[in-house]
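Biologist: I'm new to this one. Can you put it up and walk me through?

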Amino acid sequence: MRSSNEETPAGTGDGTRGRCGFTIIELMFSAALVTVILIQVTYVMNAVSRSAQDDTAAGVLEDQAEEVLDRIAYAIMGSDRGTLNPDEEDLHYTSLDYKVSLGWDEALEDVVWDDPQQIALEQVESQVVWKENPDEEAERRVVWGKYVATLMEGEDFNGIDDNANGLIDEEGLHFVIDGDSVTVRLTLRRADAHGNPVSVKHDRVVTCRNFTPPDAAGAGAMSL
Amino acid sequence: MALACVVVVSVLAGSFLQLSTSLTRRQRGATDRKDAFYLAEAGLAEAYTGLTLARTGAVGSMEDPAVFGNGVFWVEVDDLGDGVKELESTALAGGGRATLSLILRRESSSLATLGIFSNQGVTVQPDGFVDGYDSSVGSYADQVATGTNAGMGLLGSNGEVTLDGGATSVTIDGDVVPGPGQSVTITGAVTVTGATDARGELVVLPPVELPSLPSSPAVYHTDSVALVIPAGEHGFDGLRVGPSAEIIVTGPATLRTSTLLADARGRLTFDTSGGPIVVYVTEEVNLASRSSVTTSSTNPGELSWIVGSASGGAAPLGGGTPPTVALNASSAFHGFVYAPESTVAIGPSFEVFGAVVADQLTLAAQGRLHFDRALAAGGGTNSAMPVLLAWRIVDIPPALTASSADPFKLLGVNRSALRMPADAHADQWLSILYLDLLSVAQTYDGWESAFDWSGVTQVLSGTRDGADMTEFQQAGGMSVL
């Protein structure tokens with residue numbers, strides 16, 4: 001004989017009611033709990049996502065700045081200091097003309113130089129542009145980078161050297177010549193996915209590795 | 001539901017991880033490219049250094065590169081003719097690749113590196129004094145006062161060297177280098193502070209190449225007002241300064257004259273403040289006793305006297321009469337005298353600061369000669385170092401750009417079996433005369449890879465594949481190459 005606490009199999013016809021499924025209250029409670037958990041999870045995911053986006057935006061901008069500076073550096077390295085224009089020292093310029101070496105011509109017995117090239121800041125489009133044969137009919141141009149800031153980071157257009165680097169109101173991309181070296185400074189700025197400004201600043205000092213060789217007496221044996 | 005949440009979170013985490021990894025990969029790629037670039041530059045520097053030491057410039061190869069840091073490099077050499085070479089350095093570091101090219105020309109060696117040199121034998125008379133100094137670091141007087149010029153003298157010849165101390169003394173504060181198979185003969189009181197070993201090969205003195213300049217009538221200046229020869233190129237049938245008169249030559253200038261003469265009490269002044277002066281003399285230089293020669297600069301590289309006959313020189317150089325050179329003036333002469341056909345007689349009052357190279361050198365008793373080492377190191381108008389003509393970035397070989405794999409795997413080499421850059425230069429046939437650790441002269445003739453440089457204290461002379469090693473080494477400046 002079963003005790004009153006034992007469950008009676010369904011359909012046994014002894015009149016006792018079986019326990020299965022959830023009650024409405026249990027279901028409502030579960031749903032509410034799951035909803036709260038989902039809301040919390042969503043909130044956390046949004047926060048992490050926002051943070052990741054911010055970091056990614058800064059990282060991508062850093063990457064772009066490095067890439068642009070690498071291109072500028074390699075171009076200036078291969079140029080001849082004597083071909084830089086403008087070439088006055090200690091002033092800052094937003095464009096730089098130069099020529100790179102193509103190698104040696106055995107017939108001419110001289111170094112061969114490429115067509116004139118230029119790296120310039122186009123402020124309206126906020127981009128760095130490389131040009132070959134600038135301002136000529138055969139001009140070629142390639143955009144090397146975008147999001148160039150109007151002014152260097154930390155600088156305001158007020159006639160004062162705000163960032164204490166010896167320059168006044170310098171632009172987001174500028175060149176400063178010192179002897180055989182060129183200092184290139186670049187500031188990129190853009191808004192992230194939430195509209196917050198992200199800015200990176202980089203600079204690089206590059207030395208021109210080509211120069212006009214002196215007249216030579218020729219190779220071989222001793223000479224005066 | 002929980003499982004679904006876990007799955008969603010896992011997917012999101014995976015996405016963020018992939019994004020982060022992608023960014024890191026790009027940044028590492030940029031770093032590897034920079035590493036490869038600077039490794040390629042290191043390869044060019046290594047090859048350039050090798051060229052200055054009469055090596056070929058080739059370092060390693062694609063099959064056997066040199067290992068440096070976390071990457072490898074090799075340098076190939078292309079001879080473009082007329083002493084022009086192109087060095088192409090390829091480097092791999094991580095996933096980065098770079099190829100750089102350097103074009104340079106091997107410059108000729110300066111004759112001034114010979115010091116005080118006589119093609120035929122030379123005799124130093126009693127009270128003769130030969131030493132050296134380096135004008136690029138200071139004045140002669142300062143270096144003597146501090147003793148920093150000790151051992152810098154250089155007296156050489158293709159023949160025998162005789163040091164006759166007589167009853168007084170002869171002092172050579174530096175090296176004495178007689179010709180091949182010759183020796184230094186010492187009589188009387190003689191002090192030689194350096195080596196006296198013979199050179200390995202004869203020095204060939206090139207003939208003088210005279211400039212073509214229109215010639216003006218001979219000048220014999222006797223006026224009390226100084227005659228100033230302005231900067232520029234000038235030709236004379238003769239130049240002579242009379243008693244109590246003065247001729248001032250203003251640089252930069254190139255002069256060609258048949259004779260350069262100074263009477264007693266006549267004065268010759270060479271003003272190189274505006275630039276260097278080169279004087280070519282074709283028949284005779286005669287500076288009488290009690291005349292004077294003044295040089296405005298103490299840099300010997302700014303004044304050169306080149307003496308050579310217009311007919312191409314005396315035997316064995318030609319068939320003409322060799323010019324004569326007699327330097328008896330009172331002078332602290334800062335300059336370089338080159339007279340490959342002539343006997344140069346230097347009087348006791350003509351003190352030379354610089355270098356003198358002649359067919360026959362006659363040094364009077366009490367003569368004082370001071371070799372300026374700065375001329376040997378390029379302080380003059382010439383340098384023995386290769387001259388850089390062009391530098392550029394070139395295309396990387398396609399076989400290397402196809403993959404960003406580890407360099408050692410890509411090239412199929414074992415890192416531990418690779419050589420360091422200094423040991424990876426192309427092997428050459430080495431012929432060398434040197435002093436070993438016991439200062440005993442030794443010779444070696446064979447492949448350089450089989451030679452042990454650790455047993456060398458000083459290189460006296462040597463060639464690599466028949467090419468002379470640089471004067472920098474012959475002057476005793478380097479021992480291990």
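Modeller: Terms before details. Two strands pair if DSSP finds at least two bridges between them. Helices (H or I, at least four residues) and strands (E, at least two) are DSSP runs, numbered from the N terminus. This is a predicted model: local features need pLDDT of at least 70, side-chain atom pairs count only at pLDDT 80 or more, and totals for chains, interfaces and linings use all residues. Residues are numbered from 1 along each chain as its sequence is written, while chains are lettered from A and ligands numbered from 1 in the order in which they are written.

Biologist: OK. How do strand 16 and strand 19 of chain B pair?

Modeller: In the parallel sense, over 5 bridges. Strand 16 of chain B covers residues 232–236.

Biologist: Which other strands pair with strand 19 of chain B?

Modeller: Strand 17 (residues 239–241) of chain B runs parallel to strand 19, with 3 bridges. There, B:R240 has B:L261 as its bridge partner. Strand 21 (residues 277–287) of chain B is also parallel to strand 19, over 9 bridges. B:T259 is bridged to B:E284 of strand 21.

Biologist: And what holds strands together in general?

Modeller: Strands of a sheet pair through backbone hydrogen bonds, either parallel or antiparallel.

Biologist: Is strand 19 of chain B mostly covered or mostly open?

Modeller: Mostly covered. In this strand (residues 253–262), 7 of the 10 residues are buried. Buried means 20 or more other C-beta atoms within 10 Å of a residue's own; 12 or fewer is exposed, in between is partly exposed, and C-beta atoms are placed from the backbone.

Biologist: Switching to the core. Which residues of the largest nonpolar core touch the most other members?

Modeller: B:I116, B:V344, B:A355, B:V356 and B:V357, out of 73 residues. Strand 26 (residues 350–363) of chain B gives the most to this core, with 9 residues. There is also a second, separate core of 30 residues, which includes B:V75, B:L87, B:I103 and B:W391. A nonpolar core here is a set of buried Ala, Val, Leu, Ile, Met, Phe, Trp, Tyr and Cys residues joined through C-beta atoms within 7 Å.

Biologist: What does B:V344 touch?

Modeller: Not counting residues up to four places away in sequence, its partners include B:V325, B:L327, B:V356 and B:T362. Contact means C-beta atoms, placed from the backbone, within 7 Å.

Biologist: Next, B:A345. Where is that one found?

Modeller: In strand 25 (residues 330–346) of chain B. Beyond four places in sequence, B:A345 contacts B:V325, B:A326, B:L327 and B:T362. Its C-alpha atom is 7.9 Å from that of B:N328, 17 residues apart along the chain.

Biologist: Why does B:A345 count as partly exposed?

Modeller: Because B:A345 has 19 C-beta neighbours inside 10 Å.

Biologist: Now chain A. How many helices and strands?

Modeller: 1 helix and 10 strands. Buried residues make up 21% of its 224 residues.

Biologist: What order do the strands take in the open sheet of chain A?

Modeller: The order is 2-5-6-7, with antiparallel pairing. Strand 2 (95–98) and strand 7 (140–145) of chain A are the edges, each pairing on one side only.

Biologist: And how many bridges join strand 5 to strand 6 of chain A?

Modeller: 6 bridges, between residues 117–122 and residues 127–132. A:L121 has A:V128 as its bridge partner in strand 6.

How values were computed
Two residues are in contact if their C-beta atoms, placed from the backbone, lie within 7 Å.
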